[in-house]
Amino acid sequence: MASLALMACGSNDPDTGRDTAEPGSSAAAQSDAKVGLAFDVGGRGDKSFNDSAVAGLDKAKAEFGFESEELSPNASGSDRGDNLRQLAEDGFNPVIAVGFAFAESLQAVATDFPDTTFLIVDDASVKSPNVKALLFAEEQGSFLVGAAAALKSKTGNVGYIGGVETPLLKKFEAGFVAGAKQVKPDIKTQVKYLSQPPDFSGFGAPDKGKETANGMYDAGADVVYAAAGGSGVGVFQSALAKKTLAIGVDSDQYESVGDPTLQPVILTSMLKRVDVAVYESLQKFLNEEELPAESVFDLSTDGVGYSTSGGFVDDISTQLEELKGKIISGEIKVPTTP
Amino acid sequence: MSLLTEERQEPVPVAPTPSRFDPRRLLLAVAAPLLAALVALAVSSVALIASGSNPFTVYARMLSEGTTLRSLLITVNNAVPLYLSALAVALGFRMGLFNIGVQGQYQLAALLAAAAGAAVTLPGPLHIAFVIVVAMAVGALWAGVAGVLKTARGVSEVISTIMLNVIAGGLAAYLLTTYLQERVEGSNNSRTPLLPESARLPDLDGLLLAVGIEPPQGTRLGGFLVVAIVVGVLYALVVSRSRFGFELRATGLNPSAAVAAGVDAKRMTVVTMLLSGAIAGMVGLPQLLGQSYSYGLDFQTGLGFTGIGVALLGRGSPVGIAFAALLFAFLERSSATLQRIDVPTEIYVIMQGSIVLSVVVAYEAVRRAGVAQAERAVRRATEPGAAVDA
């Protein structure tokens, strides 16, 4: 058992040299921690959720100079648990599981590795003292971009496109619709999802995003919120063609979209700061602070929010900030289910 | 289905067996897999070099990490659903039916079997058998729709099974997120209620220990392997030793000749689709009965499509498919290894694809070479002066 783990580590070190921070690249002392990160299907490069987690990891790495390793599952997702186990066995601690789908396998792995700390994004169902949940109030951020959409809409008609019809994405939908209705009670909202679970292709299908958005714009919408990961680009393209507006998700897509012609259609983005959550958790862990069993990232801690790049929401920022204040104070309760 | 052993003589179309020993034909038989392996290795190596890696180091790492006890157990576990999926596809292939719908058949089957299994109370082995039967029945019925459409309306099963995949996916998602789901506090997953203890399939770790192998912590040998082996043996018996199997192969070889010989083509189509669907219904069971005990958003996906590749690679024989499933599972397992040495993980998909392609192409090339050889032999024998030559 132990020899297997040792062998795996030993043979692994030279090869992961590329992953290790360059010596001297940071003034901070080199940490001897090893941080493992397990992606869900899709993995690095989705310009959205997963990349946000990597950004947090990279930021912490630049500061603390630790070794890290990332693993993506195979196409069917059958080896999610194996990947977690592999990282734990190779001595990575903490191990970050990006996505709720890890919950089931994490339960078993966390029991087998009681000395390893596991961080899981978007799930609070794993009950184990060494598992720390990173949770987000996505409905709050979505509420604000919903309000922004309604304030900017001239047709009184806005749309929501979810990547995959899961309970998590329903939370985005609930917040968005509630926010739009908050500022314009008689507004018309259209809701569509790109794929049905367990088919998660809706997070990586720009063509479907484009088609669905075309349909919504043709039906009268002039602002569409794309909570659809990599499919969002298709929605932006549709908005450009139809001379309408769209809203991004997770990261500031005005900055990350990579195509300057699409920037003018991105009204704002709902920020879900997985990067902040990962970075702050790693910071605490490396400073040997105790991590809470559940960390909730919401408007009050800027764990969720909306982006202002491009300056398209500057004229309505007072209204948005007012709503934000009301949510933080508890005056407005945002629903989590549609 | 009576066993008519006297009808078993004619060779399987895909893997011709020589009636008498002929060194040239033997050479051809060995040439095909060898050629395929070489071509696949060459294509994979080119992909690796293009991505900036040394193919030999990569292969060495894949072998050394892929043959640890843990990797081998995981490979076998992951091969089981691929094997069942490929068997379902291969059964249809035998009579020229393309069941592209294994994906939808197993999704719907696993979901309904999970829900039914959690809803009833039965003693141990009966409970497991009940879940298996429900899964097979659902898979069979869903595939049967395509069979009936083909016989009654002439709808190509390729089109209808693809369409049925989409419907099954939507239906399963709808049922899962409405009637069949049990919400878990703090979870973003939707899943069916967990199967009770009595419906959980024991693993084979006891068997491993009995032969002196201690499985590594957290990795088990799934119990569904036994079921898969039984299904494989039954498949072989039915296809090669039964009247149904004979009619199946006869229809696949020459449909009009089979009909002329009294084979009821419509009945054969429906029955084959039902059987294929029943096998497909079991694809999700290794995970359901042995690992997750529920069907949820995180259920394994894509096994139906991978199964088509495995069936092509296995060339229709249960043993060939077993090896093909193990090879695919081995390559999948190596995706973790590839990532650890900074090789793009998509390489393993390229390897799978190039292996299937080169096998198909190699066998076709060898078949043509064989035909050409036979033609030459006939020409030589019939040409004037042939007798002198001989």
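These legends describe close-up views of a predicted model.

**View 1. Chain B meets chain A.**
The contact takes in 41 residues of chain B and 42 residues of chain A. Together the two chains bury about 3400 Å². Carbon and sulfur atoms account for 47% of that area. On the chain B side, Asn188(B), Leu297(B) and Arg340(B) lose the most area to chain A. These three make up 22% of what that side buries.

**View 2. Polar links across the interface.**
Nine residue pairs are in polar contact across the interface of chain B and chain A, both residues of each pair being at pLDDT 80 or more. Four helices of chain B each give two or more residues to the side that touches chain A: H3 (69–94), H6 (157–177), H12 (285–292) and H14 (318–340). H14(B) supplies the largest share, six residues. Sorted by class, this side of chain B has eleven nonpolar, 21 polar and nine charged residues.

**View 3. Salt bridges between the chains.**
Two salt bridges are found across the interface of chain B and chain A. What does Glu89(A) meet in a salt bridge? Its partner is the side chain of Arg70(B), at 2.6 Å from N to O. A network of salt bridges links Asp90(A), Arg61(B), Glu65(B) and Arg340(B). Arg340(B) is also among the three residues of chain B that lose the most area to chain A.

Over all chains, the structure holds 23 salt bridges. One of them joins the side chains of Asp122(A) and Lys272(A), at 2.9 Å from N to O. This pair links distant parts of the chain, 150 residues apart. Asp122(A) sits in the loop between strand S4 (118–121) and strand S5 (131–136) of chain A. Lys272(A) belongs to strand S10 (residues 266–272) of chain A. Buried or exposed? Both Asp122(A) and Lys272(A) are buried.

**View 4. A loop and a helix joined in chain A.**
Asp302(A) and Lys324(A) form a salt bridge through their side chains, at 3.2 Å from N to O. The two residues lie 22 apart, in distant parts of the chain. Asp302(A) is in the loop between strand S11 (294–297) and strand S12 (304–306), whereas Lys324(A) is in helix H11 (residues 317–329). Asp302(A) has 46% relative accessibility, so this residue counts as partly exposed. Lys324(A) has a relative accessible area of 16%, so this residue is buried.

**View 5. A salt bridge within chain B.**
Arg191(B) and Glu182(B) form a salt bridge, with their closest N and O atoms 3.0 Å apart. Arg191(B) counts as buried because its relative accessibility is 15%, under the 20% cut-off. Glu182(B), at 32%, is partly exposed.

**View 6. Aromatic rings.**
Ten aromatic pairs are found over all chains. Phe176(A) and Tyr225(A) form a tilted pair, 5.0 Å centre to centre, with 40 degrees between the planes. Phe176(A) lies in helix H6 (residues 167–183) of chain A, and Tyr225(A) in strand S8 (residues 223–227), 49 residues apart. Phe176(A) is buried at 1% relative accessibility, and Tyr225(A) is buried at 0%. In chain B, the ring centres of Tyr174(B) and Tyr179(B) are 6.1 Å apart. Their planes stand at 80 degrees, so the pair is edge-to-face. Tyr174(B) is partly exposed at 44%, while Tyr179(B) is exposed at 61%. Back in chain A, one aromatic cluster is formed by Tyr160(A), Phe176(A), Tyr193(A) and Tyr225(A).

Methods
Residues are numbered from 1 along each chain as its sequence is written. Chains are lettered from A and ligands numbered from 1 in the order in which they are written. This is a predicted model: local features need pLDDT of at least 70, side-chain atom pairs count only at pLDDT 80 or more; totals for chains, interfaces and linings use all residues. Side-chain values use heavy atoms; hydrogens and water are left out. Contact means heavy atoms within 4.5 Å. Buried area is the accessible area (1.4 Å probe) that two parts lose on being put together, summed over both. A salt bridge is a side-chain nitrogen of Lys or Arg within 4 Å of a carboxyl oxygen of Asp or Glu. A polar contact is a pair of N or O atoms within 3.5 Å; within protein, one must be able to donate a hydrogen and the other to accept it, and residues adjacent in sequence count only if both atoms are side-chain atoms. Ala, Val, Leu, Ile, Met, Phe, Trp, Tyr, Cys and Pro count as nonpolar, Asp, Glu, Lys and Arg as charged, and the others, Gly among them, as polar. Buried means under 20% relative accessible area, exposed over 50%, partly exposed in between (1.4 Å probe, protein chains only). Rings of Phe, Tyr and Trp (its six-membered ring) pair if their centres lie within 6.5 Å; planes under 30 degrees apart count as stacked, over 60 as edge-to-face and the rest as tilted.
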